[in-house]
Amino acid sequence: MPKIIWEGNQDWNRNFKDKQLPAHANKISRPDNIIKSSLPYGILPMLICFSAVIIKKNISNEFIFNLWFMPLGFIIGFIIALPMHEYLHAIFYPKNATVFVGVCLKRIAAYAVSFYPISRKRFIIMSLAPMLLGVIPLLIFIFCPVHHKPLLTVCIIPSFMGLISPSPDYMDVFAVLRQVPKNAKIQASNEGLFWYN
């Protein structure tokens, strides 16, 4: 397991101490505004979640939520899952890596940063790992009997959050699949993502 350093609340534009890139490293082309550009990547996960709700509602033919449990769903979906998302990124780095994990409360955002080079395959797995925070509650929501309304309510918000919040990660995976050769290493820096052989 890598060395994970929890940094707490930090400024979003914080620069980290870079690890030197090889001279022949190639920058992976990514949009300037990552959040705005990644919004379309959240459409399919959002539709999957809405479809699950509509199907469950149509099958049961009744209101399937207990609104008293909605605040708990928000607490799990936002307060707990936000840093957990970044920890899931962090644990997929190699054991020699150092990963800085923190939040920026001003932007309601979190980060996991490491400048350790990883394989293309590991990068893809690391990027997609936080999907589990949406997949698991969505599966519970789908298979849970409708009379367990508190559980359905608590699961649906983390489902949406867990599947939509990795939108920038989905975008990065598509960029890597298009631009990075299979046997290349990928390394982050303060200037973006780079690949090299």
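Tutor: Helices H3 and H6 are roughly parallel to each other, because angles under 35 degrees count as roughly parallel, over 145 as roughly antiparallel, 65 to 115 as roughly perpendicular and the rest as oblique. The axes of H3 (residues 70–90) and H6 (residues 149–164) cross at roughly 30 degrees and come within 7 Å. Here axes are lines fitted to C-alpha atoms, for helices over the stretch in contact, and angles run from 0 to 180 degrees between N-to-C directions. Helices (H or I, at least four residues) and strands (E, at least two) are DSSP runs, numbered from the N terminus.

This is a predicted model, where local features need pLDDT of at least 70, side-chain atom pairs count only at pLDDT 80 or more, and totals for chains, interfaces and linings use all residues. Residues are numbered from 1 along each chain as its sequence is written, and side-chain values use heavy atoms, leaving out hydrogens and water.

Now find the contact itself (heavy atoms within 4.5 Å). From H3 come Met70, Leu72, Gly73, Phe74, Ile76, Gly77 and Phe78, and from H6 come Thr153, Val154, Ile157, Pro158 and Met161. Nine of these residues are nonpolar, three are polar and none is charged. Ala, Val, Leu, Ile, Met, Phe, Trp, Tyr, Cys and Pro count as nonpolar, Asp, Glu, Lys and Arg as charged, and the others, Gly among them, as polar.

H3 also lies across strands E1, E3 and E4, running at about 15 degrees to E4.
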